[in-house]
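Please keep the sequence and the structure in view while reading.

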Amino acid sequence: MFGRFLKRFLIMDFTMCFQKKFMCFLMVVCSVHSLQLDSQASTRRPRITKYSKTTITPGSTEAPTERSLLTATYRLQGSGGETCILLVVDALLDISYMTKLNERADANTFVPNNAVASGSCKDSDLETLVLSFKEFGLEWTFAKTPGGERWYVDSIRLTYNSSARILEHAAKQGRRVTLSTGPRALLFPTPVGKSFDCPDESIVELVEEDAGNPNTAHRAKLYLRQMRLQPFMFRRDGQFGPPWKCSDANRTRSETAPVAVGSALAIATAGTLIGYAIWRYLKVSPKTRRTKIQIVKAF
């Protein structure tokens, strides 16, 4: 009787100890997870820089020039006054460069609301939009797919002088710097007649063209938030076409991948069967082939 009681007591004690240890483990996991979330939240890139203007004095007649508005609107018009390219975005440039002390430094600036929009929209399959501000020029090149069903950003190019004010103590002063996405970036593919609409932040990386030493080359990241973009418009009302959400673009890519994999498997299977048939034909001796042909004719 006493042995049975002792056994039951030990089992209950073991169960309670296990429950306590399990609860402690859950508390530790939750604490670590919350610390990771706090760390991620605290390291997010700030949207305000010392080169941006974020407020306007009440009653002031000063025009908004930097980031007094959440987004900026850039419009390029054709020869007939119709809008051919329209861009609404909150854009930030983050440039990494080498200083005179051979150290890498960072500088950032918003693309201002009053950036001058220029470019070309004469070609039906190729258009350009250039945003000029301060010492910078940000050029967007748009193209269409071979069938003309979709448009996309073919490249983004940033040009500036290494003596720009925000590049403090930059090495090799007075040098013309050109950064780009590289050839055929294929960014933001969207059906023609629709506008790319993405409230989430997109990051486009730019690298220096023809850099002699990659370790000392300039680099940049273009942050695009609350973006809506449409080239090849030619609309007199100047309004965007139907929105094509960035989630739709991601879903299109995810739906296209299984089709591509299935097609590749089908081609590989067909190739294997054809190869096996050829191998069998070459392996069988001419005498055997004649015998089989005679048997077939006999039937």
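Of the 299 residues in the protein, 33% are buried. The model is a predicted one, and its secondary structure amounts to three helices and 13 strands. Among contacts with a separation of 6 or more, 59% are between residues 24 or more positions apart.

**Surface and core**

- The accessible surface of the protein is about 19300 Å², and carbon and sulfur atoms account for 60% of that area.
- The largest nonpolar core has 47 residues, among which W140 and L158 touch the most other members.
- Strand β2, covering residues 83–98, gives the most to this core, contributing eight residues.

- Strands β4 (residues 116–120) and β5 (residues 126–133) pair in the antiparallel sense over five bridges, with A117 standing opposite L131 in β5.
- The link from β4 to β5 is a hairpin that passes through five residues.
- Strand β5 also runs antiparallel to strand β6 (residues 136–144), to which eight bridges join it, and here S132 stands opposite G137 in β6.
- The hairpin formed by β5 and β6 has two residues between the strands, and K134 in this turn has a positive phi of about 50°.

**Salt bridges**

- The structure holds five salt bridges, including one between E208 and R175, whose closest N and O atoms are 2.6 Å apart.
- Because E208 lies in strand β11 (residues 202–208) while R175 lies in the loop between β7 (150–161) and β8 (176–180), this pair ties together parts that are 33 residues apart in sequence.
- Within this pair, E208 counts as buried at 13% relative accessibility, whereas R175, at 26%, counts as partly exposed.
- Another salt bridge brings together the side chains of K245 and D197, with an N to O distance of 2.8 Å.
- K245 belongs to strand β13 (residues 243–245) and D197 to strand β10 (residues 195–198), so this second pair ties together parts that are 48 residues apart in sequence.
- Here D197 is buried, with a relative accessible area of 14%, while K245 is partly exposed, with a relative accessible area of 35%.
- R235 and D237 also form a salt bridge, in which the closest N and O atoms are 3.1 Å apart; R235 is partly exposed at a relative accessible area of 28%, and D237 is likewise partly exposed at 45% relative accessibility.

Notes
Residues are numbered from 1 along each chain as its sequence is written. This is a predicted model: local features need pLDDT of at least 70, side-chain atom pairs count only at pLDDT 80 or more; totals for chains, interfaces and linings use all residues. Side-chain values use heavy atoms; hydrogens and water are left out. Two strands pair if DSSP finds at least two bridges between them. Helices (H or I, at least four residues) and strands (E, at least two) are DSSP runs, numbered from the N terminus. Buried means under 20% relative accessible area, exposed over 50%, partly exposed in between (1.4 Å probe, protein chains only). Contact means heavy atoms within 4.5 Å. Accessible areas come from the Shrake-Rupley method with a 1.4 Å probe; for residues, only the protein chains shown count as cover. A nonpolar core is a set of buried Ala, Val, Leu, Ile, Met, Phe, Trp, Tyr and Cys residues joined through side-chain atoms within 4.5 Å. A salt bridge is a side-chain nitrogen of Lys or Arg within 4 Å of a carboxyl oxygen of Asp or Glu.
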